[in-house]
Every structure is written in C-alpha cells, then in structure tokens.
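Subject: Structure handover

Hello,

Here is the structure for you to take over. My notes on it follow below.

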Amino acid sequence: PILAERLVDIGAVKGKPRELLQSGRIHRYYPHSLGHPMGFDIHEDWPSGGARKLKPGMVVTVEPALYLPDSDEVAKEFRGIAVRIEDNIVLGRGEPEVLTRGIPKAVEEVEAAVAAGQQQRAALRGKGQGSLESIGLLVDFVLRNYSM
C-alpha cells in the first residue's frame, strides 16, 4: 500500500491507492519483488512454493525498482522513467558482503551520474537534457521507501 500511496501523493499516477492495489495496476509499475538469487543465471528464480531459505555462500540481489510507462496513465513529467537501485550481496555466516557498495545510491550521486550520462548522450546526439527533477523525485522515493 505504501508504494501506491506515494505514487499518488507525488502526482505520478492518478487514482486511489486502494484501487491501484485491488485492480493490480500497481504491478505495472513494480512488476517484481525486492530481489532474487544469482548463480549460473543472473536472474535465477526462487524455488517454487514454501519459504525462501537463505544460506551462507548464496549471492542475492536487493533491487527495489519502479518503472513508469510512457503512457497517459502516468503524469507527463514521470512518463518513461525507470529507477532501479540494485545491490548484489554475498551471504556469509557473519555480515553480508555488499559487492556493489561503490555504486551511487544517494539522490545527489545518482542525479550527478544521470546528468553526466545525459550530457554525454546529448553531445553524441545533439539533443538537450531531460528532466532531472522528475528522476530525482523517483530516486528519492525509492531510496526513502526501500533502502536497507
């Protein structure tokens, strides 16, 4: 319910949070769970049925994400934006080892990385920059609601 409430609160989507949940529409923006195991295949599935048992030596992802389609159901300034904050973690008997510790995750770091990428892309394509304000709002939302 928190995701639906916040998307409505920031004006990204219209509707009532309860309706977004009951209709399943929320799954268009958040189509997967918080992570999955990694192994021979990068996106391995959890074993079907039963609890998900974590064991030392496993590598898992923690990847809250939000995908807003380029459609009329999403406010114009948020259309086509996707935010995915992923960590790859090795489980051990003690503290887990975060393999992606150096990846930018703070709003300011992500905005700076996006801006640098947009400037490089604009130089290559001869186009201007997109809306960092909308991207920053979504990154902030994901970090505040799904951070470890």
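Met38 stands opposite Val59 in strand 2.

Please note that this is a predicted model: local features need pLDDT of at least 70, side-chain atom pairs count only at pLDDT 80 or more, and totals for chains, interfaces and linings use all residues. Residues are numbered from 1 along each chain as its sequence is written, and side-chain values use heavy atoms, leaving out hydrogens and water.

Now the strands around those residues. Strand 2 (residues 59-62) and strand 1 (residues 37-38) run antiparallel, joined by two bridges. Strand 2 also runs antiparallel to strand 5 (residues 87-90), with four bridges between them. Strands pair if DSSP finds at least two bridges between them.

These strands belong to an open sheet of four strands, in the order 1-2-5-6, with antiparallel pairing. Strand 1 and strand 6 (97-98) are at the edges with a single partner strand each, so one side of each has no neighbour in the sheet.

The chain as a whole has four helices and six strands. Helices (H or I, at least four residues) and strands (E, at least two) are DSSP runs, numbered from the N terminus. Along the sequence, the pattern is α-α-β-β-β-β-β-β-α-α.

Last, the surface. Of the chain's 148 residues, 30% count as buried, meaning under 20% relative accessible area with a 1.4 Å probe, protein chains only.

Best wishes

Methods:
Buried means under 20% relative accessible area, exposed over 50%, partly exposed in between (1.4 Å probe, protein chains only).
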